[in-house]
Amino acid sequence: MDQFLQHILNGTILGGTYALLGIGLTLIFGIMRVVNFSHGELYTFGAYIVYLFAMVLSANFFVSLVLAMVLGVVLGAAIEFVLLRPLRGASIDTTMLVMIGAWIALQNTEQLVWSGVAKSITHPFPAEPLILGPVSVSWVRVFVFAVAVLLIVGTHLLIHRTRLGKAMRATFQDRETAALMGVNIGAIHTATFALGSGLAAAAGALLGPVFVVYPTMGDLAALKSFAIVILGGLGNFMGATLGGFILGFVEEMGAGYISSGYRDAMGFLLIIIVLVFRPTGLFARKERVG
Amino acid sequence: MLEIDGLHCRYGKVSAVRDLTLEVKKGELVTLIGANGAGKTTTLKAISGLLAPAAGRIVFDGEDITGAAPRTILARGIAHCPEGRHIFPDMTVQENLDMGCYLRKEPGGIARDLERLFERFPVLAERRRQMAGTLSGGEQQMLAISRALMSRPKLILFDEPSLGLAPNLIETIFEIVSEIRAQGVTVLMVEQNAYAALELCDRCYLLESGEVTLSGSGEELLNDPHVKAAYLGG
């Protein structure tokens, strides 16, 4: 029983960052109809930025995290502006190929700049874990979870309470009519891609100090993001949030009770099951973007 | 107020509108009638900027708006209430109306307009927290019209506002359109229901395969033998 509780706790904590990754990807797909293969690279980028500032330049750890998120937003906006804006109206296949190109280019840049050797980031949290009755969790993971939840809630509020969020939802539901309302669709695309990228960078920045940082770390993160988005239904904010937590639980349970070697396979097994029985995702069409 | 001169619109290689010239004067209610595919919706889309014309000029209030972005055209004072209502289904009634005044910056004026709309359409006030997709067809059309009015347009484009509504509701919608004109908003309306369109309007243009084949006052067109035979059921 204690072990079960421990797995639940670990799954929840892991799920928070998975949800961040999923929300970013699902917003980009929902609003822009772009399958963002570079999503994982934004995750890697976030982790390396923290490494750059916290380890190489010895800046404050928390400041480095904030910088990673901000620069993730900036990089996302730049990618949208340079690569996607000229392709507006192009077929989804075209944008998909371009994003695959961006993925390869970004990953090789990381390899070139940082070499293939894994780097670790030290964090200022105490080494001894937080003990809660029968279970325990490291302080850095508690922090990661808290920030992830804050970002999820913040994104939710942004989408539901602000003028920008309303325009994003309107664009998602009916692009042409949103344009008739005076929404600048191009600006909404840039904002959406920047926001989605910022969330991916935040996930990478948060998990970089927990694991290690290496150039291909984004590949698995991207695959998992796709799994979460498929699980939750494309373009579905709530679905991506819950999907992230479900993936966290399933991985943790699979690793705990079956074999830790199959941890990453568990999520994909889950996707196969979901796609067989509910091809539109678990929460499709209940609540779309927002 | 609105002058269109030699407008051509194309979807790929197919011409949808050819050499269309029309004029709407301030305070008028002008209708465009014609069969399916005659180019009525295309004309409205060209005016509101959803579609870039292949040739021709669209001038509004003395300013050339040909090929401008929809938001620029909206800011000049043209609202487009699209065919099939196109409300945002997963947003509340209130949020739909908020989208209608997306470009407006004066909260006081917006609040006053909202109050006036809710007085005129109490059902929208009742349902303001409800998702727009759950409204009935007639309510959705009222919402679509209200949303277009929230931008405080000088000219409003209606595309088949009666489409898919029950006969008694169609009458209500046409009454609303007349009211809007009576309040000083100029109206350009596309309507398939030729009889109603001709009854209601000051002037009317008949579109056939992308060209204006006839124009005149509603009465003139009502008595025209070709219109009678082809559009008014003999």
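## A buried leucine in chain A

With 28 C-beta neighbours inside 10 Å, Leu206(A) counts as buried, because 20 or more such neighbours make a residue buried. This is a predicted model. Leu206(A) sits in helix α8 of chain A, which covers residues 185-207.

What does Leu206(A) touch, leaving aside residues up to four places away in sequence? Its contacts are Thr17(A), Val144(A), Val147(A) and Ala148(A). Take Thr17(A) from that list. In sequence, Leu206(A) and Thr17(A) are 189 residues apart. In space, their C-alpha atoms are 7.9 Å apart.

## Helix α1 of chain A

Helix α1 of chain A runs over residues 2-32 and has 31 residues. From its first C-alpha to its last, α1(A) reaches 45 Å. That is close to the 45 Å expected at 1.5 Å a residue.

Where does α1(A) bend? The bend is at Gly16(A), by about 25 degrees. Arg33(A) follows α1(A), and its phi is positive, near 55 degrees.

## The six-stranded sheet of chain B

Chain B has an open sheet of six strands. The strand order is β6-β7-β8-β3-β9-β10, and the pairing is mixed. At the edges stand β6 (78-81) and β10 (211-217) of chain B. Each has a single partner strand, so one side of each is left without a neighbour in the sheet. From one strand to the next, the twist averages 15 degrees.

Two helices of chain B pack on this sheet. Helix α1 (residues 40-48) touches β3, β6, β7 (155-159), β8 and β9 (203-208) of chain B. Its direction makes about 150 degrees with that of β7(B). Helix α7 (residues 167-182) touches β3, β7 and β8 of chain B. The direction of α7(B) makes about 150 degrees with that of β8(B).

## Strand β3 and its partners

Strand β3 of chain B spans residues 29-34. Is β3(B) mostly covered or mostly exposed? It is mostly covered: six of its six residues are buried. Both faces are covered. Leu29(B), Thr31(B) and Ile33(B) lie on one side, with Val30(B), Leu32(B) and Gly34(B) on the other.

How many bridges join β3(B) to β8(B)? There are four, and the two strands run parallel. Strand β8(B) covers residues 186-190. In this pair, Leu32(B) stands opposite Val190(B). Strand β3(B) also pairs with β9(B), in the parallel sense and over five bridges. There, Ile33(B) has Leu206(B) as its bridge partner, and Gly34(B) stands opposite Leu207(B).

## The hairpin of β9 and β10

Strands β9(B) and β10(B) run antiparallel and are joined by six bridges. One of the bridge pairs is Arg203(B) with Ser217(B) in β10(B). The two strands form a hairpin with two residues between them. In the turn, Ser209(B) has a positive phi of about 40 degrees.

## Helix α1 of chain B

Why is α1(B) described as largely enclosed by the rest of the structure? Nine of its nine residues are buried, so the helix is largely enclosed. The buried residues are Lys40(B), Thr41(B), Thr42(B), Thr43(B), Leu44(B), Lys45(B), Ala46(B), Ile47(B) and Ser48(B). Gly49(B) follows α1(B), and its phi is positive, near 90 degrees.

## The four-stranded sheet of chain B

Chain B also has an open sheet of four strands. Its order is β2-β1-β4-β5, with antiparallel pairing. The edge strands are β2 (14-24) and β5 (63-64) of chain B. Each has a single partner strand, so one side of each is left without a neighbour in the sheet.

Strand β4(B) covers residues 55-60. It pairs with β5(B) over two bridges, in the antiparallel sense. In that pair, Phe60(B) has Glu63(B) as its bridge partner.

## Where the chains meet

How many residues does each chain bring to the contact? Chain B gives 19 residues and chain A gives 15 residues. On the side of chain B that touches chain A, the elements that give two or more residues are α2 (70-76) and α3 (93-100) of chain B. By class, that side of chain B has eleven nonpolar, four polar and four charged residues.

Methods:
Residues numbered from 1 in each chain as written. Chains lettered and ligands numbered in written order. Predicted model: local features only at pLDDT ≥ 70, side-chain atom pairs only at ≥ 80, totals over all residues. Contact = placed C-beta atoms within 7 Å. Nonpolar A, V, L, I, M, F, W, Y, C, P; charged D, E, K, R; others polar. Expected span 1.5 Å × (residues − 1). Bend = angle between axes of the 7 residues up to and from the residue. Pairing = 2+ DSSP bridges. Axes fitted to C-alpha atoms, helices over the stretch in contact; angles between N-to-C directions. Buried ≥ 20, exposed ≤ 12 C-beta atoms within 10 Å, placed from the backbone.
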